[in-house]
Amino acid sequence: MMLQSKIDETTNVDIPADLSAEFLHRFGSVPQIFRAPGRVNLIGEHTDYNDGFVMPVAIQFYAYVAVAPRDDMRIRLHSLNLEESAEFSLSENAPRTRGHWSDYIRGVAGVLSAQGVAVGGADLMIQSEVPVGSGLSSSAAIEVGTALALLSLSGRALAPIEIARACQRAEHQYVGSLCGIMDQFIACFGQAGRALMLDCRSLNYELVPTTDDTRIVICNTGVKHEHASSGYNSRRADCYAGVSSLRAHGIPLVRALRDVTSATLDSCRGFLPESVFRRCRHVVTENERVLHAATALKTQDMETFGRLMYESHRSLQNDYEVSCRELDVLVEIASGLPGVYGARMTGGGFGGCTVNLLRLDAVEEFIAGITREYKRKTGISADVYVCVAARGAGSALEA
Ligand code: GLA
């Protein structure tokens, strides 16, 4: 399926027409509606939980959360995507991973309550345009949309950074994925026409304009990933093991891989297990690439930006080992097509999507070429999304 309606390059997405009506039909009241976007990360992968740098953009696919209050302490949920309902009591919502889609909502409700927000009973209906399990941050979109919905009913306002942190905590405590801050941060702070260069240690960020004559095109391998069960947490553990070893061997002032240069890491190769060394090398070189890429974007040097994307992919493939054959095939095909500056896997990996940066005038030929060749090589029909950098979370009525 090609999301044709998403190729019109608008950042003003309509609220799904049937959401209010479905809500009224199912729950008997008129909802408020909030939304939060998915994201694509241009460069800076698996660096966020190492205090490093990332450069995501919010994309014009949103998770919509419709909400109305109830007068008891229950949350009733309905997912229009799954056509499934769930229900839980706010008084029995201690942190626990259930392996159910409602964990995201339970998590947000639980974490907000734990930090003193008066979360009350609510009916919630969710409809998301963000492809699930594709590395485009469908989870953070639902978490942030839910947080806005529950906060609105509670009458309490939280700063966007507090919302991002609460949603990250929800994912740690109720979903079991020890994710970094990138996805929730961009869902809250994304701006139309801007990439967001984020320092994940200080949380200082800079919004860098994307260029008019380039396009961000996402290709979906059709292979779904599962972070919690697919090595995400173990990669994170490898990074922390690397930091502990460096400290144990007297490398001063290393709090995180962010503090390590390539030269220092190379000098430590002898005492790090080979796989830990390679995990660390990915993170250290990826941080260097993001800083370099930010300068390239500011000077509109897309050739350099693209080259850094290819290098990032190779590093994720060989050192971090979070790519898969289908992602590699997509990147390889992209690298042979005209007008492509760069391509790489995006998100956690083990499936999901590639992000491609190309000349505006090359988009049509790219879509035709990549879908044809990917099908020929893998037998899978790739979904392709032409993206614009979209605005972050808010009331759906602000669109
Ligand atoms: C997932 C996590 C993020 C980040 C990426 C990899 O999307 O949620 O925090 O670690 O993987 O860059």
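Two strands pair if DSSP finds at least two bridges between them; strands (E, at least two residues) and helices (H or I, at least four) are DSSP runs, numbered from the N terminus.

This is a predicted model: local features need pLDDT of at least 70, side-chain atom pairs count only at pLDDT 80 or more, and totals for chains, interfaces and linings use all residues. Numbering starts from 1 along each chain as its sequence is written, and side-chain values use heavy atoms, with hydrogens and water left out.

Q: Over how many bridges do strands β6 and β7 pair?
A: Strand β6 covers residues 194–199 and strand β7 residues 205–209. Met197 has Glu206 in β7 as its bridge partner. The pairing is antiparallel, and the number of bridges is five.

Q: Which residue in the turn between β6 and β7 has a positive phi?
A: The two strands form a hairpin with five residues between them. In the turn, a positive phi of about 65° belongs to Leu203.

Q: Is strand β11 enclosed or open, judging by how many of its residues are buried?
A: On one side of β11 Asp383, Tyr385 and Cys387 are buried, and on the other Val384 and Val386 are buried. Five of the five residues in 383–387 are thus buried, so the strand is largely enclosed.

Q: Which residue of β11 is the bridge partner of Val217?
A: Strand β8 (residues 214–220) pairs with β11 in the antiparallel sense over five bridges. In β11, the bridge partner of Val217 is Val386.

Q: At what distance does the side chain of Gln60 reach the backbone nitrogen of Val388?
A: Gln60 is found in strand β2, and it counts as buried because its relative accessibility is 1%. A polar contact is a pair of N or O atoms within 3.5 Å; within protein, one must be able to donate a hydrogen and the other to accept it, and residues adjacent in sequence count only if both atoms are side-chain atoms. The side chain of Gln60 reaches the backbone oxygen of Val386 at 3.1 Å. For the backbone nitrogen of Val388, the distance is 3.2 Å.

Q: How far from an oxygen atom of the ligand is a polar side-chain atom of Asp48?
A: Around the ligand are 13 residues, of which Glu45, His46, Asp48, Asp183 and Tyr232 come nearest; a residue is near a molecule or strand if one of its heavy atoms lies within 4 Å of it. A polar side-chain atom of Glu45 lies 2.6 Å from a ligand oxygen, and one of Asp183 lies 2.7 Å from a ligand oxygen. For Asp48, the distance is 2.5 Å.

Q: Which residues is Gly349 in contact with, leaving aside its neighbours within four places in sequence?
A: Gly349 is found in the loop between β9 (340–346) and β10 (353–359). It counts as buried because its relative accessibility is 1%. With contact meaning heavy atoms within 4.5 Å, and neighbours within four places left aside, its partners are His225 and Val322.

Technical notes
Buried means under 20% relative accessible area, exposed over 50%, partly exposed in between (1.4 Å probe, protein chains only).
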